Amino acid sequence: MYSMNSSLSSIEPSITMKLNTIAKSMKAQGIDVVDLTAGEPDFPTPKEICEAAIDAINQGFTKYTPATGIQELRERIASKLSTENNIPVTAKNIVVTNGAKSAIFGALSAVVNPGDDVIVVAPSWVSYIPQIKLLGARPVVLQANSENNFIPEISKLQEIANHKTKAIIINSPNNPTGVVYPEEFFKDLVKLAEEKEFYIISDEIYEKLIYEGRHLSPASINPEVVITINGFSKAYSMTGWRVGYVAASDPIISNISKFQSHTASNVNSIAQKAALKALDVNTDYMVEEFRKRRDFLISEFEKINIKFVKPMGAFYFFMDFSDLIGKFSNGKELKSGFDICETLLKEYKLALVPGEGFEAPGFVRLSFAASMESLEKAVQRLKNFLDSLV
Ligand SMILES: Cc1ncc(COP(=O)(O)O)c(C=O)c1O
């Protein structure tokens, strides 16, 4: 009998995609859906970056590049990491990848063996657990709670980390909670990682989008045990270009290079030239616009008593709707975050993402990567929904 890959069979298709598809088809029918599911900035890619790509094409820069990325870009990334993030790396420690997503998969592939444990902090980004499972490793969830502002507790981590723990994936600023971890957390985490001998995979993709607090790269504390992930998607509104990177110590980066060369060859040559340009482009205007939207939503949500932890970074509100479970909206019982989102979409034309996709049932994620006009409409629709509950 034919059979297929059992690791893949155990992985659910992304819940984000499911509601996204419904929202898209409603929009195609001309329904005025306010779609706040987006995981990408709503700004166009800056013009200078696009022009660098056009120049690359016109100059015939359209062939294979080294698997690890073009030398100028690796050097420029290394200099950014040394000066801005205090990570002592040179170009040889960098691999340019197809977005941060494949940087994370490359990092996991470099260090994880089948049967190893990899700790993931919940609420967590949707692809960490599936990637761990794809490698035949076991995801172990470390729950972070809203009472602690979604900062994971080191004492809990100490309890669950054991000799089978190969790595932990952390993400600050965080999707979906918006938390920016404090310096103390990173210091304690690195200390524990050294003690228990596990790697830290630090996903820093939202590094540039911070409204409160300060970004710290744990690799600045110990570059031997931390693998740093970053990319161009969120900081430069370049989601479709697919450029990210990973920085790691010599032995780890050598494994990642092998992985990259046999699975992807190289990142699109044109997009690499665009990324090189991006590192010289100032995108503070995007951050300021996100900040305005965040502040607007904080004040509106407070007025209608929505429970949330104030986002310090990224562009999401992670709303605690657990009190709504068991209530009825227009005769329909709300049994989960998914039900809440389905009702919001179908009855109130507001598309949000249920917390179940982030290992956080009862929560709902709202992205403020959308115009002020959309956000104003969203607040009104949320209010109408809350008023409907019995
Ligand atoms: C936390 C987190 N990490 C990684 C990624 C992947 O980004 P990229 O587009 O660079 O693959 C995303 C995208 O949504 C994300 O939210």
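1. Aspartate 116 is in contact with Ala137, Lys164 and Lys166, its neighbours within four places in sequence left aside. Contact here means that the C-beta atoms of two residues, placed from the backbone, lie within 7 Å. The model is predicted: local features need pLDDT of at least 70, side-chain atom pairs count only at pLDDT 80 or more, and totals for chains, interfaces and linings use all residues. Residues are numbered from 1 along each chain as its sequence is written.

2. The loop between H5 and strand S3 (117–122) holds aspartate 116. Helices (H or I, at least four residues) and strands (E, at least two) are DSSP runs, numbered from the N terminus. Serine 172 is 56 residues from aspartate 116 in sequence and 24 Å away in space, C-alpha to C-alpha.

3. The ligand is surrounded by 13 residues, the closest being Gly99, Ala100, Lys101, Gly231 and Ser233. A residue qualifies if its C-beta atom, placed from the backbone, lies within 6 Å of the molecule. Helix H5 (residues 99–111) gives the most to this shell, three residues.

4. The domain assignment gives domain 1 (6–44 + 283–385) and domain 2 (63–278); such bounds come from an automatic or database assignment. Their contact takes 31 residues from domain 1 and 33 residues from domain 2. On the domain 1 side, helix H11 (284–303), strand S10 (316–320) and strand S15 (363–367) each supply at least two residues, and H11 has the largest share, five residues.
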